[in-house]
Every structure is written in C-alpha cells, then in structure tokens.
Amino acid sequence: MCRKKSKAENTIETRLIENIDDYIKYRLDDQINWYDNKAASAQRWYKGYQVAELIIAALIPLLSGYAASSTLIAVIIGVGGALITLFEGICKLFRFHENWIEYRSTCELLRHEKYLYQMKAFPYCKEESYEQMFVKNVESLISAESSKRKTNNVAQGGEEKKNQSTTGS
C-alpha cells in the first residue's frame with residue numbers, strides 16, 4: 001500500500017531521480033520512513049485501546065460488588081461495558097493491529113532489500129565476497145525473525161477472534 005502523492009510531488013520526484021542513488025534517497029527511503037511512521041502510529045493506537053479495555057474490564061468486577069448499594073456505580077459499570085465495546089469496534093474498523101503488522105513487515109522488507117543492494121549481495125550480484133555473504137546471512141536471520149514475529153502476531157489476532165466468537169462477545 002503506497003501512499004498517494006500530489007502531482008507537484010511526483011513532478012519534483014521525477015526530476016530528481018536520475019540514478020539509483022537518487023532513487024534510494026528520494027523514493028525508497030521515503031517509502032521506508034512512511035511505512036515506519038504508519039506502523040509506529042498503528043501500534044500506538046492499538047496498544048492504547050487495548051490497555052484502556054484491560055483497565056476498564058478489570059474495574060468492572062471490582063465495582064460490581066458495590067453496584068447494589070449505589071446506582072452511580074451501576075451506571076459506571078454499564079458505561080464501562082459500553083466503552084469496551086466501542087473501543088473494540090474502533091480497533092476493528094480502523095484495523096490498527098493488522099495495519100501495524102502489515103506496515104512493519106513492508107518496512108522491514110524494504111530495508112532488507114536496500115541493505116542487500118547496497119552491499120551488492122545476492123540476488124544483486126553473481127558471485128559473493130565474504131562481506132556480501134555475511135550481509136546476506138544477517139539479513140536472512142533478521143527477515144526470518146520478523147516473519148516469525150508477524151506469524152505470532154497474526155496468530156494471536158486469530159485466537160482473539162476465535163475466543164470472542166466462542167464466548168459470544
């Protein structure tokens with residue numbers, strides 16, 4: 001998912017990109033920064049809503065013992081339940097969790113390709129030096145760890161959905 005640019009930005013960018021270094025500087029680095037910022041933003045929103053939900057959900061059973069003696073507490077409990085539903089709906093509507101994972105994965109893949117290219121490592125060369133092989137191996141390890149993290153995050157999101165459907169929430 002690339003961000004859209006105005007005609008003025010496209011004209012300036014087209015004029016500036018005359019070689020691969022310009023491409024990396026004005027196109028690739030720009031995209032890496034965009035995905036990095038969007039991933040960080042989506043992560044903050046997602047975690048903020050999740051923390052708020054947890055706090056409210058923890059307060060509901062605590063306050064419910066006092067609900068019989070106070071209508072205000074009963075109303076607060078009801079509002080708390082409504083807020084949890086609202087927060088969860090907002091998270092689903094804006095897809096904060098999914099966007100965080102997708103944007104972070106794309107950002108890391110772009111960085112991975114940039115580093116391989118800069119070191120002229122495979123697949124950007126025919127024969128590799130030991131430095132190029134080192135870069136390729138390091139990038140492979142980083143990429144594998146990122147993939148594992150993405151798989152774990154997606155699996156956790158799937159378990160949340162499964163648990164919600166079985167509990168009727």
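Tutor: Y124 has a relative accessible area of 38%, so it is partly exposed; that label covers values between 20% and 50%. The model is a predicted one. Y124 sits in the loop between α4 (96–118) and α5 (130–167). Together with I20, Y23 and Y117, Y124 makes up a nonpolar patch on the surface. The accessible area of these four residues together is about 360 Å².

Next come the contacts between rings. A pair of aromatic rings is described by how far apart the centres are and by the angle between the planes. There are nine aromatic pairs in the structure. One of them is W45 with F96: the ring centres are 5.8 Å apart and the planes are at 15 degrees, so this pair is stacked, the cut-off for stacking being under 30 degrees. W45 belongs to helix α2 and F96 to helix α4, and the pair links parts of the chain that are 51 residues apart.

The two partners carry opposite sorts of label. W45 is partly exposed, because its relative accessible area is 47% and the exposed label needs over 50%. F96 is at 12% relative accessibility and therefore counts as buried, since the limit for buried is under 20%.

F96 also pairs with Y49. Here the ring centres are 5.9 Å apart with the planes at 15 degrees, so the pair of Y49 and F96 is stacked. Y49 is in helix α2 and F96 in helix α4, so this contact ties together parts 47 residues apart in sequence. Y49 is buried, because its relative accessible area is 15%.

K38 lies in helix α2, which covers residues 20–64. The C-alpha atoms of K38 and F96 are separated by 9.9 Å, while the two residues are 58 apart along the chain. K38 has a relative accessible area of 38%, so K38 is partly exposed.

Methods. Residues are numbered from 1 along each chain as its sequence is written. This is a predicted model: local features need pLDDT of at least 70, side-chain atom pairs count only at pLDDT 80 or more; totals for chains, interfaces and linings use all residues. Side-chain values use heavy atoms; hydrogens and water are left out. Helices (H or I, at least four residues) and strands (E, at least two) are DSSP runs, numbered from the N terminus. Buried means under 20% relative accessible area, exposed over 50%, partly exposed in between (1.4 Å probe, protein chains only). Patches are made of residues with over 30% relative accessible area and no salt bridge: like charges are joined within 9 Å, nonpolar side chains (Val, Leu, Ile, Met, Phe, Trp, Tyr) within 5 Å. Accessible areas come from the Shrake-Rupley method with a 1.4 Å probe; for residues, only the protein chains shown count as cover. A salt bridge is a side-chain nitrogen of Lys or Arg within 4 Å of a carboxyl oxygen of Asp or Glu. Rings of Phe, Tyr and Trp (its six-membered ring) pair if their centres lie within 6.5 Å; planes under 30 degrees apart count as stacked, over 60 as edge-to-face and the rest as tilted.
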